[in-house]
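Hi there,

Here is the structure I promised to pass on. Have a look at it first, and my notes follow below.

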Amino acid sequence: MSAQFLEALSTPAARESPAMAAALELAERALESEPDVLIDDDLQLTLLLSYGLSYGGVTDSDGRWEWNPLQVAVRTAIEERFERRLRELVGDVALPEPGADAVASYLFAVTAEDTGPSLSRFVAKKATREQAIEFVIHRSIYTLKEADPHSWAIPRLTGRAKAGLVEVQSDEYGGGRPHRIHAEIFARTMRGVGLDDRYGVYVDRVPAITLASFNMMSMFGLNGRLRGAIVGHLAAFEMTSSVPNRLYGNGFRRLGYGEDVTEYYDEHVEADAVHEQIAGRDLAGGLAEQHPELLEDIVFGARCCLLVDGLVGEHLLASWQAGGSSLREVSGAAA
């Protein structure tokens, strides 16, 4: 399906494109078999390519494909199953009161209770150089586009929530200093460990669950009806970032890497300690207070963040503890 989707993107974006119509047919046929979307390489890659039309810099294609009806139909068909799978995994959970302080307290409690595998502790104390580089490859799928999925929510918010989001995003984009944009700092990390920092170079090497982590953010951010979910996601993301990044930085120092590699992680230790307060109270709490009807999705987005990122961590740790690589084997690809 993803091969057919790419073939369609290599042609002009015609409303009645036979190539994209074939991609849609393949998507519908694939979804009929009830696959687990989270771990289906073909479905997640197709979603990544589709979202890439909105981000730019992912595929070289006719810009009119972004809103082509057939292309959008492929995306929404997969999204429907993807969202349903995430809601099944999260299940029914108790909700806090829709007040700023209550929501913030709830989110801090939920993130503090996260008992997933400590990938950051493993990188800090045990990871080999090869494993640390694999970790950077996995993170490149999102981090070279860092903050972009959450920025889609800016025009969809108002008041306290909007102000909180813009404050966080301003730091993510360097506060007006191009060399301080977090995605640019991460690109320096990639170069420092000997990797290619062009977006998508390693997309064939990472498994579906890594693509799903980024695609989940894109789905939440690009769909206005899910603005509560992207807000909840960002709140949980920021609340679980500071301590792990300190450990990641320590791990790369242990392995002998210098500031060109560790700067990204060190930057997030202080920045995200501030961001978590803004994201919890002003962004998520402010949105819940202003729009109580979005509370359930705010909680859903936060729990999705913890759930899916936990699954990514489990994959990396299980692969390494079994003595193997966490990357996909691709014919002709370097390890």
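Let me start with a helix pair. The axes of helix 7 (residues 129-143) and helix 10 (residues 182-192) come within 11 Å and cross at roughly 155°. An angle over 145 degrees counts as roughly antiparallel, so helix 7 is roughly antiparallel to helix 10. Their crossing is left-handed. On the helix 7 side, Val136, Arg139, Ser140 and Thr143 take part, and they meet Ala183, Phe186 and Met190 of helix 10. Please keep in mind that this is a predicted model.

Next, the core. The largest nonpolar core counts 105 residues. Helix 15 (residues 295-321) contributes the most to this core, with 13 residues. Among the residues with the most contacts inside the core are Val136, which also belongs to the helix 7 side of the pair above, and Phe135. Setting aside neighbours within four places in sequence, Phe135 is in contact with Leu119, Tyr248, Phe252, Tyr265, Leu316 and Trp320. Phe252 is itself listed with the residues that have the most contacts in the core, as are Met20, Phe82, Leu86 and Phe220.

Finally, a look at Asp42, which lies in helix 3 (residues 41-55). Its relative accessible area is 29%, so Asp42 is partly exposed. Not counting residues up to four places away in sequence, Asp42 touches Met1 and Ser2. With Ser2 there is a polar contact between the two side chains, at 2.5 Å. Asp42 and Ala27 are 15 residues apart in sequence, and their C-alpha atoms are 9.5 Å apart in space.

Best wishes

Key: Residues numbered from 1 in each chain as written. Predicted model: local features only at pLDDT ≥ 70, side-chain atom pairs only at ≥ 80, totals over all residues. Heavy atoms only, no water. Core = buried A, V, L, I, M, F, W, Y, C linked by side-chain atoms within 4.5 Å. Buried < 20%, exposed > 50% of the residue type's maximum accessible area, 1.4 Å probe, protein only. Helix = DSSP H or I, 4+ residues; strand = E, 2+ residues; numbered from the N terminus. Contact = heavy atoms within 4.5 Å. Polar contact = N/O pair within 3.5 Å; in protein donor to acceptor, adjacent residues only side chain to side chain. Axes fitted to C-alpha atoms, helices over the stretch in contact; angles between N-to-C directions. Parallel < 35°, antiparallel > 145°, perpendicular 65-115°, else oblique. Left-handed = near helix turned anticlockwise from the far one by under 90°.
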